[in-house]
Each structure stands twice: as structure tokens, then as C-alpha cells.
Amino acid sequence: MSRRRQKKRSQRDELRRRKGGGLRKAAAVLLGVALVCTALAAGLLFSGLIGGDSGPRRAAIVDQLSLTQPNPDFAESATNLLEQAGYTVDYFPGEEVTVELYRNLPTHGYGLIVLRVHSGLTREVSEEGATPREYVSLFTGEAYNDTKYPDETFVAPGEPVARLGSAVYYKGAPPLFGIAPGFIKESMKGKFDDTTVILMGCDGLKSHDTGQAFLDRGAGAFVSWTQAVTASHSDAATLRLLEKLVSEGLPLADAVAQTAAEVGPDPLYGAELRMLPEGG
Amino acid sequence: MRKLSMILLTVGVIALVVLITSLTANRAWADPCGPDEEGWIPGCLGQVDDFRDTTALIGIDQDGDCLEDFSLVLGGSAKVERQSASDHTIDTEIVSMELAGGGLVLRAGKYDPVINPDINQNVSPTFGGIVEQAGNPALADSFFDVFFEISPTPFGNLYNHDAVRVGAVIDRVPPWNTTYLHPTPLCLALYSDPIEDWETPVNLVQARHSTGAPPPTGGIVELLVDSSGSPARAVQGSGSSAPPYAAIAGGLAAAAVALAATGWYARRRLLS
């Protein structure tokens, strides 16, 4: 073998070695990319950002009231009741009750949602003044700022009223974002899967508008109060309702009727427990 | 190979973190804080209690004889900050109180430009405490040493230099429907300045304050409506509400391509 041929072969081997090293690196990077993509997709699936969980045995306790009227016993007892009945429970304290939490609420596949939130009778405000209405909007724990969600804070074309509003516990209190029925109908993502929604705040069924918005979004039933209610009465009634519903396995309409009869109206404000659709 | 191992390890850790984060529910709640429990005070966490519908009764002597010349019923709100319990006591402070009635306004709490902007800046803060009863740990003695301002009066604004102590026995916090009072007799000199000894003939001879009922779980929500000339401005639709299916599909497609390329490379290496 001539020296020239030997040299040519060694050059060829060197080239192959370099090429092989490059390919190996490329393969390692590609494998890494594949694993990262798979992990991210799995993570998103598990986090409920897509698809949601199709199983009906998930429940959420949205505890916006924990900011002003905390009742750790309620949260713990309700969680225990639901878990003993086979539900997995997500608990959201007041600080986590944001516009985005409400927006994504239907995507998690909850079978039962307990909204332990302030709900306020709505005033529709125009330049001519404010008109009181009988439907409620739901409180978040997120500070109000009309530049944060302008598409929903101001009126969208073709809609009569804004989807988000300014919510205060009392005149002069710092405003929070309020969730209007329009937000439930138009801004929430996905559909509820025959979900039972229990709104523990005031006046939820003084009018049917808010409850109907949940039903239109796929909820199976909406349970709430006919007038203002104290947190202590609403807490006691909701625990009794959950016992009847998930522990004793009563149909919702029976559970609501029996609970309403047992706990009675709110002793201070007179609110009574009712449900939509009426009569179950 | 070492690089490949590092990459795999990193990916594994990322995947684990994503899974743990997505599967862990957030459950943060405080310990219970009365009633119907013995020794409830050590479990109490700090917070601000908002009493929106309180009522006070004050008796005024205006000629210096310590006998009540008239009384006033005042109504309004009070905010009380309580610290987390330490041992068997809780430190408290009235951060703001404003009660009105009979043409007078009674304010208490330290001046604060946001929380308590209308009170004289030299009024002393009102501190208090909650102390578990030694003989009955289901109950506690709650008290406040109140410094206040009454305005307007014919003698100018009136202030106390010595605190008026009001107290009550409570079985929970917040203590709804509880009346704090000063035991009789009371004759507390009032001055026309919170610091200077500018005396007046006026004395406070009665003080009681009821915390009122718990507030309802309601509120007021204001929504803008679409009407001509309204402050609302129309917007061009709302943000997309579609889930990020495209991003997920893209990620999965990228994963598939990367896996195919890896397989192709491995096959090529094995066959060569």
C-alpha cells in the first residue's frame, strides 16, 4: 500500500470519526428534545390545561370568603366529606381566587364545585346613573383595575353589559374584580360536565340569571340562597347538604329540600336554600 | 455518553417537577379559633376583623360634675387587627373606628392616611388584648384601652388623655354580637387637644360598644352597560378562549420527529 493511499485512508477515517461524533451529538440532542416535549405535553395534560379530566369524581372548593370570613373547619370538614365519598378535592384559598381561576373552572372536569364566595347584587352603571338589578356577580380576591382585562371590563360589541365589574364588600372598600353572568356565558373556557355548582354567597337565587348562566355553560344544577345569608349559616347548611348528597347519596333535589327544611332560613337575613333547575 | 446522561437526568427532573406540581392540591387553612372548644386561643392566627355595623352608647357630662347630662347613640364601623396568639393571649389594636350620631363623630385608632385619614394625627393608638381565663379556657377576657376624638363640639374637638378601658368576655374571634363596656363609675376628663392639657368641663361618664351581627356574604358589584354616551367603550371582541391545542399538537409533533430521527440514527449505526 503506497504512502499516499494510506494517507488518503486515514483522512477518510478521520472524516468518518468526526461525522460520527457529530451525528451522536445530534442524536442526543434530538432524544433530549423528544423527552422534553413529551414531558411538557404530559404535564399540561395532568395540569388540566387541556382536555380536563373526564371523571366525574373531582370537586373544587373555591374559598374566596377565607379573605374576610375564614372558616378552616368548614374547609376541612367539606374536604373530608368529599374525599370519603371518593372525590379528589382541589381547595383554592381567597388569594388564589382570580379572574383566571373562574375562566378555567369548566376545564378541570369537576363534578361538584363549592363556591364559598361573596356574591353581590349588581348595579348596572351608565352615564345616566346606576340601575340596581336582582342578579348577583361573584367576587374574586383579585384587586380591580380597569386596564387589566379591558376586553371584559368594558362592554363588548353586541353585548348589553360588561362581563367583569368592580366588586366591593361595602361602600368605600377596596374594589375587587367581580364575575358577571356574561363572563360565565362568554368568557369561561370549555364546558362544565353536568357539574353541580353550589354558590354559598348571598342572593344567588334572588334572580335566575347567574344560575342560568352556569346551566348554559353545561352545569347540571345550581344551588344557592334566595336572599342575603351569613357565612356561619351558609357553612352549616352546605356541610349538611354535602352529607346528604355525597355521603347519603340522595338525589340533589331531595338533598336540597331536606337541608332547607332542617337548617331553615338564615336567622338574620331570612335567606332560603333553593336550586336550579327548579324541582331538580 | 456523559452528556446524554446529563440531558436525560435534566429531562427526568423537569418531568417529575411538572407532575408533582400538577398533582398537588393547594390546601392552606388556618387552625380553628373558637367557639365551643376549650383552649381555642393558642390556635388563633392573626387577621383584621371588620365590624361594619357596630353601635355605641356614650354618656356625657358637660358641666364638670361627673353626672350624665345627655347620652348619645352612635353607629358605624371598626376594624380590629389581631396578632396571632402567643401562648394564651392575643394582642389587638383598633386600627380604625368611625361612629356617628347626634351630629357628632367619634373616631379612634392611630392616624393612617389610607385606613384612618380623618383623625387627629396625635391621637394615641388604641391597643387591646385577649387573655384566656385561667379557670375556664373556653372563655377569654377581651379589652381595649381606647383613645378617641369627638367632633365637632362647642368646646372644639375633644380628646381623652387617659385611656378608657372597655372589656367583654368572649368565646371566639371575631366576637360578633358582643358588648364591650366600662364598668361604672366612670368620669374621664376630656381635653380640646390630644396632647396639650387644654381642659374642658366635659367628661365621659358612660361607654359601651356593641360589635353587631356578622356581615352577610354579599356586596355590591358595578358593571358598565352599553348605552349612548356611557363611560363604557366598545372593544373589538374578547381574547381567544381556545385551549392551547395547537401548541400541544406542535410539541407532540416535535417529539415524534425527534424520536424518529433518533431511531433512524440508531438503525444506521447498528447496520453500519
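## A guided tour of chains A and B

Start by selecting chain B, which has 2 helices and 13 strands. Keep in mind as you look around that this is a predicted model.

Stop 1: Colour the chain by burial. Of its 272 residues, 37% are buried. The accessible surface of chain B is about 14,400 Å², and carbon and sulfur atoms account for 57% of that area. If you display contacts between residues at least 6 apart in sequence, 57% of those in chain B join residues at least 24 apart.

**Stop 2: the disulfide.** How many disulfides are there over all chains? The count comes to 1. To see it, select B:Cys66 and B:Cys187, whose sulfur atoms lie 1.8 Å apart. B:Cys66 sits in the loop between β1 (47-61) and β2 (70-82) of chain B, while B:Cys187 sits in the loop between β10 (179-181) and β11 (188-191) of chain B. The two cysteines are 121 residues apart, so the pair links distant parts of the chain.

Now zoom in on the S-S bond of B:Cys66 and B:Cys187. Its torsion is about -70°, so the disulfide is left-handed. Are these cysteines buried, partly exposed or exposed? B:Cys66 is partly exposed, with a relative accessible area of 35%, and B:Cys187 is partly exposed too, at 34%.

**Stop 3: all of chain A.** Chain A exposes about 12,200 Å², with 52% supplied by carbon and sulfur atoms. Among its contacts between residues at least 6 apart in sequence, 70% join residues at least 24 apart.

**Stop 4: a pair of helices in chain A.** Select helix α7 (residues 231-247) and helix α8 (residues 252-263) of chain A. Their axes come within 9 Å and cross at roughly 140°. That angle makes α7(A) oblique to α8(A), and the crossing is right-handed.

Notes:
Residues are numbered from 1 along each chain as its sequence is written. Chains are lettered from A and ligands numbered from 1 in the order in which they are written. This is a predicted model: local features need pLDDT of at least 70, side-chain atom pairs count only at pLDDT 80 or more; totals for chains, interfaces and linings use all residues. Side-chain values use heavy atoms; hydrogens and water are left out. Helices (H or I, at least four residues) and strands (E, at least two) are DSSP runs, numbered from the N terminus. Buried means under 20% relative accessible area, exposed over 50%, partly exposed in between (1.4 Å probe, protein chains only). Contact means heavy atoms within 4.5 Å. Accessible areas come from the Shrake-Rupley method with a 1.4 Å probe; for residues, only the protein chains shown count as cover. A disulfide is a pair of cysteine sulfur atoms within 2.5 Å. Axes are lines fitted to C-alpha atoms, for helices over the stretch in contact, and angles run from 0 to 180 degrees between N-to-C directions. Angles under 35 degrees count as roughly parallel, over 145 as roughly antiparallel, 65 to 115 as roughly perpendicular and the rest as oblique. A crossing is left-handed if the near helix is turned anticlockwise from the far one by less than a right angle, and right-handed if clockwise.
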